[in-house]
Amino acid sequence: MKLTSKAAYQEAWAEALNSPEAFWDKVAKEYSWHKPWDKVCSGDFNSLDIKWFEGASLNITENCLDRHLETRGDKTAIIWEANDPNEKEICLTYKELHADVCRFSNVLKDQGVQKGDRVVFYMSMVPELLTGVLACARIGAIHSVVFGGFSAQALAGRVNDCEAKIVVTCDEAFRGGKTIALKAITDEALESCPGVEKVLVRERTGAKVTYKEGRDHKLMELLKDASTTCEPTEMNAEDPLFILYTSGSTGTPKGLMHTTAGYMVWAGFTFENVFQMEENDTYWCSADIGWITGHSYITYGPLLKGATTLMFEGVPTYPAADRFWDVIDKYKVTHFYTAPTAIRALMACDIELVRKHDLSSLKVLGSVGEPINEEAWEWYHKEVGKERCPIVDTWWQTETGGIMISSLAGVTESVPAHATLPMPGIQPLLVDAEGKEVSGSPAEGNLCIEKPWPGIARTIWGNHDRYKETYFTTYPGRYFTGDGAKRDSESRYRITGRVDDVINVSGHRIGTAEVEDAINEHENIIESAVVGFPHEIKGQGIYAYVICQDSSKIEGENIQKELNAHITKMIGPIAKADCVQVVSGLPKTRSGKIMRRILRKIAAKDTGDLGDISTLLNPEVVDEIKKGAGL
Ligand code: WT7
């Protein structure tokens, strides 16, 4: 259902609110199903047994691939652009992609993978990551992609949590001018993963890596000999499709579980309506498939809608800071979707790097992952979109499966730094600290969602109680997003950022507790508190306050290096601290809770009023910390 006017959007939003069953019934009928549903939706945010299209059966890859063969068989499905601009691209038509996915499906089956088994992918952005994910979906296995920037320990934690039987990796990854030793890291991780029976290795750099007899196999050799036909496995609507790990305020990363039919309908519907593509357009989302953006808007969304989607192995600054613009020019990209952190980084470079490229193919620009500041929005609009292209600022989360609040390109208006309007099916509401709804406009509060939508994650893998506790307990009966938001007088939303202990570093979600755990592993650290602070390029940086056992042992610079080595080992380089301050104590309430509000202000070099500190157990420490921070 493509909504192509503002009136159509408004009508759809109202219909999805008033007659959700009739509305989603219509949307879902655009796809092919083995068996239709008995009931469109059931369950709510109290019982937490949410189901969509119950009773139906389908296979999502038939909708991504087979369904297009007759009408779009020779259309390009995937364009793959290598890290090195001199390496030839790979283009796969829908027919070829279908064949490759079938090959991979047969390889997985030969390796003993069955319906319901978990397959972990720890790869770079090679075409086999995308075909591998789809191959899992084709045979009913559950994929769990772990971003290639995570450490061995982080990988092991995820592999064990979902009890994966098989891991697919690369010998090494190319990443700009560097390589990442994915297989070596996998080997290290698997020392503590006794459940893994098989490892498939996609050779990429040709580095010499070790193969463990009986366990490890060369992926490309297996694919070469595999059959290009594989019947799709019939899946129930609520069968799991994938697990994706993400960080929260507390504890270890959570494996959000998405199911088949609801996720499919949501990914397809949001992709079609937000981006408003036409048949011959070329779409490029610069995310990594290791994140939810790459699942919904490189893989499933575009393929469900028969689009041409570009997959990029490299980074925006290699070989030079005009790589994005070069790629847009090279493939005449019409729809470009990236993160504010990339925009801010490129904005800081010589403007000629943008201006020397022909970007006239562009029609729509997208932003995702963190709030986009006005300056970056204006620059993106002017220098990249030449003031011709609407910008869709898409707010959503790993948990939501797809875009929740965004303008529809060229259909509803774009407003600088505002995500603007909810998708049909989404009822956002703002609540105050006491959980009372803040009605009317303008307003500000914590962002909740009132009712289940098709794409919501159904549980945290293996821990339904934690699912309930994390999302539905702060404001009972409502989904709490963890974000704050403002609503303007025209009911358009502006996301202001996380209100919990989650930091958004370059669009990556980092849990402060996880970083603290890593820091506390250091023998000289007694206690630590990690907060986010405003960072010009990354959006937020990581600031760590640490109490040392023996402060005479530390020299300022070394401690940061040493702590970052611990963080890199336990989480990965993406969570490194930008700032480390040694303190003698942390401001605590009488009940022993760290007052992060104060630490956040100091980290932000905010010299204003710190608020009431008289209730602190140790108010004297505040002045010391301020001084140490140079305030
Ligand atoms: C968090 C979710 C959604 C895919 C990528 C991140 C922040 C995301 C926006 C936006 C302001 C945004 C929120 C959210 N966020 N998009 N357009 N404007 N903030 O997924 O890793 O699950 O992170 O990213 O804080 O809660 P994620």
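Strand 27 (residues 508–511) supplies the largest share of the lining of the largest cavity, 3 residues. Strands here are DSSP runs of E of at least two residues, helices are runs of H or I of at least four, and both are numbered from the N terminus. This is a predicted model, in which local features need pLDDT of at least 70 and side-chain atom pairs count only at pLDDT 80 or more, while totals for chains, interfaces and linings use all residues. Residues are numbered from 1 along each chain as its sequence is written, and side-chain values use heavy atoms, with hydrogens and water left out.

Let us stay with that cavity for a moment. The residues that line it are Phe 150, Arg 158, Ser 247, Arg 509, Ile 510, Gly 511, Glu 514, Ile 571 and Ile 574. A cavity is a set of points, on a 1 Å grid over the protein atoms alone, where a 1.4 Å probe fits but cannot get out, and lining residues have an atom within 4 Å of a point. By class, this lining has 4 nonpolar, 2 polar and 3 charged residues. Ala, Val, Leu, Ile, Met, Phe, Trp, Tyr, Cys and Pro count as nonpolar, Asp, Glu, Lys and Arg as charged, and the others, Gly among them, as polar. The volume of the largest cavity is about 50 Å³, and a search of the whole structure finds 3 cavities of 30 Å³ or more. For these volumes, grid points are joined across faces, edges and corners, and the space filled by probe spheres set on the points is taken.

Two strands count as paired if DSSP finds at least two bridges between them; strand 19 (residues 364–368) and strand 20 are parallel, over 4 bridges. Within strand 20, Ile 391 stands opposite Leu 365. Contact means heavy atoms within 4.5 Å.

| Site | Backbone feature | Loop |
|---|---|---|
| Tyr 318–Pro 319 | cis, omega about -5° | Pro 319: between strand 17 (308–312) and helix 12 (323–331) |
| Ser 441–Pro 442 | cis, omega near -5° | Pro 442: between strand 21 (428–431) and strand 22 (443–449) |
| Ala 417 | positive phi, about 65° | between strand 20 and strand 21 |

Buried means under 20% relative accessible area, exposed over 50%, and partly exposed in between, with a 1.4 Å probe and protein chains only.

Which residues does Ser 489 touch, leaving aside those up to four places away in sequence? They are Ser 441 and Pro 442, the pair joined by a cis peptide bond. Ser 489 lies in the loop between strand 24 (479–487) and strand 25 (493–498), and is exposed, with a relative accessible area of 56%. Its C-alpha atom is separated by 8.4 Å from that of Gly 440, 49 residues apart along the chain.

Key:
1 Å grid on protein atoms, 1.4 Å probe; cavity = no way out; pocket = protein on both sides within 12 Å on 5 of 7 lines; lining within 4 Å.
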